[in-house]
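Hi there,

Here is the structure I promised to pass on to you. Have a look at it first, and then read my notes below.

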Amino acid sequence: PSTITQIAKPCKGAVKFDHVRFGYDAQKPVIKDFSLEVEPGQMVAIVGPTGAGKTTLVNLLMRFYDIDAGTITIDGVNTVLDTRSDVRSNFGMVLQDAWLFSGTIRENIAYGAKDPEEKYIRLAAKLAQADHFIELLPDGYDTIIKEDGTNLSQGQRQLLTIARAMLSNPSIIVLDEATAMLDPIGRSEVISTIERLNRDEGITVVLITHHMAEAE
């Protein structure tokens with residue numbers, strides 16, 4: 001359909017699945033009748049084993065696929081009434097694989113942004129609670145990340161990807177198994193950061209995990 005109503009940017013972060021049905025093959029639905037309501041600024045965990053359909057829900061929310069029946073709304077606006085790019089502009093995404101490239105920490109945080117000012121790069125790092133370790137590095141934000149990222153811990157690498165997500169000023173942040181590869185200390189750092197973003201910044205958080213402990 002043509003764009004009739006647009007989701008406000010920034011949005012409030014209310015998400016609703018209403019009797020959603022979806023199948024990669026429409027004749028073989030993997031989601032038959034799913035409903036979920038997330039209030040603005042709420043933190044919700046989607047927990048289940050690999051293959052249970054957790055990531056599929058996020059793909060539907062961000063319109064990588066369109067549903068077969070039902071509705072998905074953001075702030076009460078049906079997502080099919082907006083462009084895919086505008087729907088996705090409300091989200092920050094943090095994946096299991098903390099992808100970084102050989103370059104400075106500054107360049108890695110700014111990746112995907114259009115000529116961001118230094119103050120916004122540093123603000124994103126502060127929001128992600130990454131600035132404390134960046135400032136302790138000999139070259140700070142000019143520190144070169146090695147090709148394999150081994151000069152940073154796994155937890156530090158993941159905090160940088162959160163900072164990258166925060167630079168886009170998202171209203172909703174999605175973590176798709178983002179702590180699965182972390183040690184207990186790194187996992188604690190990342191979860192603490194997300195809880196603070198949810199509590200202090202009012203960001204809606206969708207946490208996808210197969211660890212029940214992270215949902216508690």
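**Pockets and rings**

β6 gives the largest share of the lining of the largest pocket, 5 residues. Strands like this one are DSSP runs of E with at least two residues, helices are runs of H or I with at least four, and both are numbered from the N terminus. Please keep in mind that this is a predicted model, where local features need pLDDT of at least 70, side-chain atom pairs count only at pLDDT 80 or more, and totals for chains, interfaces and linings use all residues. Residues are numbered from 1 along each chain as its sequence is written, and side-chain values use heavy atoms, with hydrogens and water left out.

A pocket here is an open set of points on a 1 Å grid over the protein atoms alone, where a 1.4 Å probe fits and protein lies on both sides within 12 Å along at least five of seven lines; lining residues have an atom within 4 Å of a point. The largest pocket has a volume of about 440 Å³, the volume being the space filled by probe spheres set on points joined across faces, edges and corners. Its lining has 19 residues, and M93, Y111, T161, R164 and A165 lie nearest the centre. Both β6 (91–95) and α6 (154–166) supply at least two residues of that lining.

The second largest pocket has a volume of about 340 Å³. It is lined by 17 residues, with L127, M166, L167, N169 and P170 the closest to its centre. Helix α4 (residues 118–127) provides the largest share of this lining, 4 residues.

Now for the rings. The whole structure holds 7 aromatic pairs, meaning rings of Phe, Tyr or Trp (its six-membered ring) with centres within 6.5 Å; planes under 30 degrees apart count as stacked, over 60 as edge-to-face and the rest as tilted. F17 and F34 are edge-to-face, because their ring centres are 5.5 Å apart and their planes stand at 80°. F17 is in strand β1 (residues 15–22) and F34 in strand β2 (residues 31–38), so this pair ties together parts 17 residues apart in sequence.

Which residues do ring pairs link into a cluster? They are F22, Y24 and Y65.

Happy exploring!
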